[in-house]
Amino acid sequence: MFQISSLPSIRALAMVLRKSRSLSIQRSKLKPMDWKGQKLAEELMQILLLVFAVVGFVTGYVTGSFQMMVLVFAGGVVLTTLVTVPNWPFFNRNPLKWLDPIEAEKHPKPQPQPLNSKKKFSKK
Amino acid sequence: MHSFGYRANALLTFAVTILALMCAMASVSDNFNSPSPTSKVQVLNINWFQKQPNGNDEVSMTLNISADLQSLFTWNTKQVFVFLAAEYETPKNALNQISLWDGIIPSKEHAKFWIHTSNKYRFIDQGSNLRGKEFNLTLHWHVMPKTGKMFADKIVMSGYRLPQEYR
Amino acid sequence: MGWFGEAVDSIKSIQIRQALSQVVSLGLIVTSALIIWKGLMLMTGSESPVVVVLSESMEPGFARGDILFLHMSKDPIRAGEIVVYNVDGRPIPIVHRVIKVHGQRDTGEDYVLTKGDNNHEDDIELYAPGQRWLQQHHIMGRAAGFLPYVGWVTIIMTEKPIIKYIVIGALGLLVITSKD
């Protein structure tokens, strides 16, 4: 369930996102992750995979079945993929605050250049 | 920048690396297995013993092979390849090994076996040295793992002798 | 604000630098792969430290698509070892088990007969015409370790070369379009 908010900052965010090329194009309504979310997703992925590897190895060794180990790990890979790869909302708890369009007009745009993703903004 | 594709790629690479590590660890765990196999072979009968037209001796025999190789199996074992070789020396050759019979043991349950067979492969010498020859019968096995290092070992049974005259 | 002016001026140089650094990193990848391969060759003492199993003649132990790690040493060849050998006139090496050994006393040469576990007959048919034994110099290595399924990539790329071109084309495209 996505929260539909009427805050103007969300509308501005949507406008800038549509213009920006550096963020990936999501077909679904999922918003991209924020910085903290990206870090969380990466750490979560590594920890989950390691945990499933250990659990798989121990399960396989104890049951004497190599197949068990592979199956447990494969299940773990699928689960980790579902949890860390899509842009779930809980990865976007600290959304980036983009400038309001009105504010952006006060600061004139530079000459068109291909690297507009590297534009610095005054508010963080 | 993070994106769907980037995360999927990172996950896949990490998962494959971890899988490789797990396989390596499984192989290492095989080293902790201390097997205690046993075997016994009887030469029941020398079927015939001739000199071939090309000058090489050949002998055919019937064997009774019994062995217990259950302790060789671990969770990482795919199969055990077992073969019985006759080993002897001659003036010309320091060592001769002739495989007389081989078999594949697919699982632990099949590893305790008893078999009555004539030699699967022809016992032919390089020359005519077999009359009265003393030889060893060595049971060799090759543990083939599901991943990783293969182990091979053997049990040497000595004291067998071929007849003095052709039959 | 002066940052924008600098950025405009340095556009062209950034493009060239980027392109150059991409070429260098591609070169690094290729050379490090080569270093690893040559290093493996040194470590295992074999011309071809890793081979892919192509036939079913060693089933059920080795199936098509498995890869074998080879090791070579000057030790005499003994029965039971799984060896990879080349026959004169045949381009593809064969992976089979040694079933007979005659080790000559004076020359120290080993005369070896091989057979695939899953084959009914020994390998005499596969040797060069008139050849009845293999010797040390025919043998490229002994199989010491094994990984299942990983070799399918090589088999697919060899048997359907179109896939090889697609993969290389896609990789090239990725390198060019990536920003770093």
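Predicted model: local features only at pLDDT ≥ 70, side-chain atom pairs only at ≥ 80, totals over all residues.

Student: Which residues of α3(A) and α1(B) meet?

Tutor: From α3(A) come F66(A), M69(A), F73(A), V77(A), T80(A), T81(A) and T84(A). They meet R7(B), L11(B), A15(B), L19(B), M22(B) and A26(B) in α1(B). By class, this contact of α3(A) with α1(B) has nine nonpolar, three polar and one charged residues.

Student: At what angle do helix α2 of chain A and helix α1 of chain B pack?

Tutor: Helix α2 (residues 35-63) of chain A and helix α1 (residues 4-29) of chain B pack at about 25 degrees, with their axes 10 Å apart. Angles under 35 degrees count as roughly parallel, so α2(A) is roughly parallel to α1(B). The crossing in which α2(A) passes α1(B) is right-handed.

Student: Which residues make the contact of α2(A) with α1(B)?

Tutor: On the α2(A) side, they include A41(A), M45(A), L49(A), F57(A) and Y61(A). On the α1(B) side, R7(B), F14(B), I18(B) and S29(B) are among them. The contact of α2(A) with α1(B) has 14 nonpolar, three polar and two charged residues.

Student: How many residues does the contact of chain B with chain A take from each chain?

Tutor: One now counts over whole chains. The contact takes 25 residues from chain A and 19 residues from chain B. On the side of chain B that touches chain A, 13 residues are nonpolar, four are polar and two are charged.

Student: Which strands of chain C each supply at least two residues of the side that touches chain B?

Tutor: The contact takes 19 residues from chain C and 28 residues from chain B. On the chain C side, β4 (94-104) and β6 each supply at least two residues. The most is given by β4(C), with six residues. By class, this side of chain C has nine nonpolar, six polar and four charged residues.

Student: Which domains does the assignment give for chain C?

Tutor: The domain assignment gives domain 1 (1-44), domain 2 (50-149) and domain 3 (151-180). The C-alpha centres of domain 2 and domain 3 of chain C lie 32 Å apart. Their contact takes seven residues from domain 2 and four residues from domain 3.

Student: Where does UniProt place the feature "transmembrane region" in chain C?

Tutor: A record may be set beside the model. The unreviewed UniProt entry places this feature at residues 20-37 of chain C. Over residues 20-37 the chain is 100% helix and 0% strand, with the end C-alpha atoms 26 Å apart.

Student: Which peptide bond of chain C is cis?

Tutor: Backbone angles are read one residue at a time. The peptide bond from E59(C) to P60(C) is cis, with omega near -5 degrees. P60(C) is found in the loop between β1 (50-52) and β2 (67-71) of chain C. A further case is Y149(C), a residue other than glycine with a positive phi, near 65 degrees. Y149(C) has its place in the loop between β6 (139-147) and α3 (152-159) of chain C.

Terms used. Residues numbered from 1 in each chain as written. Chains lettered and ligands numbered in written order. Axes fitted to C-alpha atoms, helices over the stretch in contact; angles between N-to-C directions. Helix = DSSP H or I, 4+ residues; strand = E, 2+ residues; numbered from the N terminus. Parallel < 35°, antiparallel > 145°, perpendicular 65-115°, else oblique. Left-handed = near helix turned anticlockwise from the far one by under 90°. Contact = placed C-beta atoms within 7 Å. Nonpolar A, V, L, I, M, F, W, Y, C, P; charged D, E, K, R; others polar. Domains from an automatic or database assignment. UniProt positions renumbered as here; feature names shortened; annotations may be inferred.
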